[in-house]
Amino acid sequence: MLLRSVQLDKASLSILISAEIDFEQFEAFAEPLALAMDCDIRDRSWGADRHQWQLNFEGSQLWLNYEFYGDICWISTEVEADLEVLEYLITLLQPLITANAVKDTHE
């Protein structure tokens with residue numbers, strides 16, 4: 001699982017995630033993502049065009065969302081005090097961003 005970008009949106013208390021996500025195989029993306037953030041998966045919900053998983057990080061309740069039609073993925077909280085948690089989680093996701101990958105060049 002490689003990410004294109006992660007960005008903190010303080011106004012919406014969310015981390016915006018850009019990645020290659022297959023809606024039909026969402027768990028193949030979401031499970032490694034939760035593991036990389038050391039989050040427990042508490043609940044998995046989905047509908048015709050949206051996945052919403054409840055995650056727990058050291059007592060903070062988070063929501064991992066993906067909407068198929070907009071190809072939008074984000075992690076959010078409803079608690080403003082958990083903004084620091086989101087900031088920390090971004091540091092855990094940074095190594096998964098493909099743009100940050102070190103390329104091996106041989107001349």
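Biologist: How many bridges join strand 1 to strand 2?
Modeller: This is a predicted model. Strand 2 covers residues 14-19. Strand 1 and strand 2 run antiparallel. The number of bridges joining them is 6.

Biologist: Which residue in strand 2 is the bridge partner of Gln7?
Modeller: Look along this pair of strands. Leu3 stands opposite Ala19 in strand 2. For Gln7, the bridge partner in strand 2 is Leu16.

Biologist: Which residue in the turn of the hairpin has a positive phi?
Modeller: Strand 1 and strand 2 form the hairpin, with 4 residues between them. In that turn, a phi of about 50° belongs to Leu13.

Biologist: What is the order of the strands in the open sheet?
Modeller: The sheet has 6 strands with antiparallel pairing. Its edge strands are strand 1 (3-9) and strand 3 (40-46), and each pairs on one side only. Neighbouring strands are turned by 20° against each other on average, direction ignored. The order is 1-2-6-5-4-3.

Biologist: At what angle does helix 1 run to strand 4?
Modeller: Helix 1 spans residues 26-36. It lies across strands 1, 2, 3, 4, 5 and 6. Its angle to strand 4 (50-57) is about 15°.

Biologist: What angle does the direction of helix 2 make with that of strand 1?
Modeller: Helix 2 (residues 83-93) packs on the sheet. Among the strands it touches are strand 5 and strand 6. With the direction of strand 1, helix 2 makes about 160°.

Methods:
Residues are numbered from 1 along each chain as its sequence is written. This is a predicted model: local features need pLDDT of at least 70, side-chain atom pairs count only at pLDDT 80 or more; totals for chains, interfaces and linings use all residues. Side-chain values use heavy atoms; hydrogens and water are left out. Two strands pair if DSSP finds at least two bridges between them. Helices (H or I, at least four residues) and strands (E, at least two) are DSSP runs, numbered from the N terminus. Axes are lines fitted to C-alpha atoms, for helices over the stretch in contact, and angles run from 0 to 180 degrees between N-to-C directions. Contact means heavy atoms within 4.5 Å.
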